[in-house]
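Welcome! Here is a short tour for anyone meeting this structure for the first time. Have a look at the sequence and the model, and then read on.

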Amino acid sequence: MEGDASTVAGGDAPGIADSDEPAQEAAAEPIVAVKPDKPGYSYWEDESAESTGPLTVEIDLSDQTAHFYRGGVKVGQSRVSTGKPGRETPTGTFTILEKAATKTSNLYGRIVDDYDVVVSTDADARDGPPPANCKFVGARMPYWLRLTYSGVGMHAGIIPEPGTASSHGCIRVPMDLAEHLYKNAKLGTKVSIVP
């Protein structure tokens, strides 16, 4: 796909569309060292002797929270932002199909002119070619973990408010936790998305 770089595994099959939001810099948020078991907090405690076995992820759309388990033991959680109305994140059980440390959407992004002045912040490449003297710039999707061949995945991104669904279908995770998840997740890692 256009703009992809550092694909770790998989590769894009022809006709696979990426789903993402307008290009914005993902805000870094430190992973908290405490273990609050309520939505809106991010933590990852994977050093316990009890936490062995395969990693699994559960995304709860009702409270916009991801829960991380290793061998059935909860090792972390994070606030997330999933698909907004009209572009809902699909529910079900998925596996990670592709990993890419750096990825750029070929569908969603912004339009900039010849001087890199932003003309549109919420551009969809399917809406037709950009105006004269302008170009489409795809949204950055760091630490991409593909879940569907139609382009839904998990990646670092803006979480406007905990509990707010605001993406084009992908699951946005805070930057620090997205990087940690990317390092720990493998191809085939199970991800359950529940309503």
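Keep in mind throughout that this is a predicted model. Arg87 is partly exposed, at a relative accessible area of 29%, whereas Asp124 counts as buried at 12%.

**The other salt bridges**

How many salt bridges does the structure hold? There are 5. One of them joins Glu98 and Arg146, whose closest N and O atoms are 2.8 Å apart. This pair again links distant parts of the chain, with Glu98 in strand 7 (residues 98-102) and Arg146 in strand 11 (residues 144-146), 48 residues apart. Are the two partners buried or exposed? Glu98 is buried, with a relative accessible area of 1%, and Arg146 is buried with a value of 1% as well.

Another salt bridge is formed by Lys135 and Asp116. Lys135 lies in strand 10 (residues 134-140) and Asp116 in the loop between strand 8 (104-113) and strand 9, so the pair ties together parts that are 19 residues apart in sequence. Here Lys135 counts as partly exposed at 44% relative accessibility, and Asp116 is exposed at 54%.

| Salt bridge | N to O distance |
|---|---|
| Glu98 and Arg146 | 2.8 Å |
| Lys135 and Asp116 | 3.9 Å |

Now for the nonpolar side of the picture. In soluble globular proteins, nonpolar side chains tend to be buried together. The largest nonpolar core of this model has 26 residues, and Ile59, Phe68, Met154 and Leu181 touch the most other members. At least two residues of this core come from each of strand 3 (55-60), strand 4 (65-70), strand 12 (153-156), strand 13 (171-173), helix 1 (175-184) and strand 14 (190-194). Which element gives the largest share? Helix 1 does, with 5 residues.

Leaving aside residues up to four places away in sequence, Ile59 touches Thr65, Ala66, Val80, Thr82, Met154, Ile171, Val191, Ser192, Ile193 and Val194.

Notes. Residues are numbered from 1 along each chain as its sequence is written. This is a predicted model: local features need pLDDT of at least 70, side-chain atom pairs count only at pLDDT 80 or more; totals for chains, interfaces and linings use all residues. Side-chain values use heavy atoms; hydrogens and water are left out. A nonpolar core is a set of buried Ala, Val, Leu, Ile, Met, Phe, Trp, Tyr and Cys residues joined through side-chain atoms within 4.5 Å. Buried means under 20% relative accessible area, exposed over 50%, partly exposed in between (1.4 Å probe, protein chains only). Helices (H or I, at least four residues) and strands (E, at least two) are DSSP runs, numbered from the N terminus. Contact means heavy atoms within 4.5 Å. A salt bridge is a side-chain nitrogen of Lys or Arg within 4 Å of a carboxyl oxygen of Asp or Glu.
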